[in-house]
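Biologist: I would like to go through this chain with you, from its surface to its sheets. Please show it first.

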Amino acid sequence: MRKNFGSKPWLYPLPVLIVGTYSPDGAADAMNAAWGGLYDADKVVLCLSAGHRTTANIKARGAFTVSFADAAHLVPADYVGMVSANSEPRKLEKSGLHAVRSELVDAPLFQELPVAMECRFLKATEEGNIIGEIVNVSADEGVLGADGKPDLAKFRPISFEPAHNAYHVLGEKVGNAFQDGGALK
């Protein structure tokens with residue numbers, strides 16, 4: 001038997017995305033955005049309200065980064081989602097994250113977060129969603145596997161579990177995409 005919960009935003013897993021921007025005065029900012037993902041093969045979408053400083057920064061500077069929160073940095077990742085830079089000017093400093101300027105877009109990368117997408121702002125939709133072009137994906141060498149790509153066991157990204165407002169580590173491999181289903185052909 002199934003239990004009905006009604007309309008809920010319970011998409012599993014939800015990545016924990018840390019959006020990096022610079023304000024018009026050049027101050028770095030970070031925001032936790034649980035609602036976002038791929039928009040196309042080379043684009044991302046972020047569901048951000050107009051009142052966020054991050055939204056204004058993206059539109060003003062034309063760029064942003066999207067870092068994936070990991071288990072090692074759960075506390076600062078959660079903090080930057082709880083506190084607004086509109087009310088706490090020392091938000092980034094208090095988080096313990098350290099901004100480094102991207103070489104490719106006018107937005108910060110965060111030293112502590114090992115995997116990030118560097119994006120150019122394309123447009124805001126009628127609903128206010130931010131669409132960006134992925135210019136580059138960068139990863140700290142410490143989270144790369146033998147094949148030179150990010151290794152989830154080393155990286156340990158977290159996902160947001162909306163039914164219980166919890167974070168979970170991703171990483172256990174259970175199969176091979178575009179291969180295991182072939183057994184049913």
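Modeller: The model is predicted: local features need pLDDT of at least 70, side-chain atom pairs need 80 or more, and totals for chains, interfaces and linings use all residues. Numbering starts from 1 along each chain as its sequence is written, and side-chain values use heavy atoms, without hydrogens and water.

Biologist: What radius of gyration does the chain have, and why does it agree with a compact globule?

Modeller: The radius is taken over C-alpha atoms, and the globule rule is 2.2 Å times the number of residues to the power 0.38. For 185 residues a compact globule would come near 16 Å, so the chain agrees with its 17 Å.

Biologist: Which strands stand at the edges of the seven-strand sheet?

Modeller: Strands (E, at least two residues) and helices (H or I, at least four) are DSSP runs, numbered from the N terminus. Two strands pair if DSSP finds at least two bridges between them. The open, antiparallel sheet has the order β3-β2-β6-β9-β10-β5-β4. Each edge strand has a single partner, so one side is left without a neighbour in the sheet: these are β3 (28-33) and β4 (36-40).

Biologist: Which residue in β6 is the bridge partner of Leu-17?

Modeller: Strand β2 (residues 17-22) runs antiparallel to β6 (residues 63-68), joined by four bridges. In β6, the partner of Leu-17 is Phe-68.

Biologist: Which strands form the open sheet of three?

Modeller: The pairing there is antiparallel. β1 (14-15) and β12 (166-169) are the edge strands, each pairing on one side only. β1 pairs with β11 (residues 158-161) over two bridges, and Pro-15 stands opposite Ser-159. The order is β1-β11-β12.

Biologist: Phe-5 and Trp-10 form an aromatic pair: what is the angle between the planes?

Modeller: Rings of Phe, Tyr and Trp (its six-membered ring) pair if their centres lie within 6.5 Å; planes under 30 degrees apart are stacked, over 60 edge-to-face, the rest tilted. The count comes to two aromatic pairs. The Phe-5 and Trp-10 pair is tilted, at 5.0 Å centre to centre and 55°.
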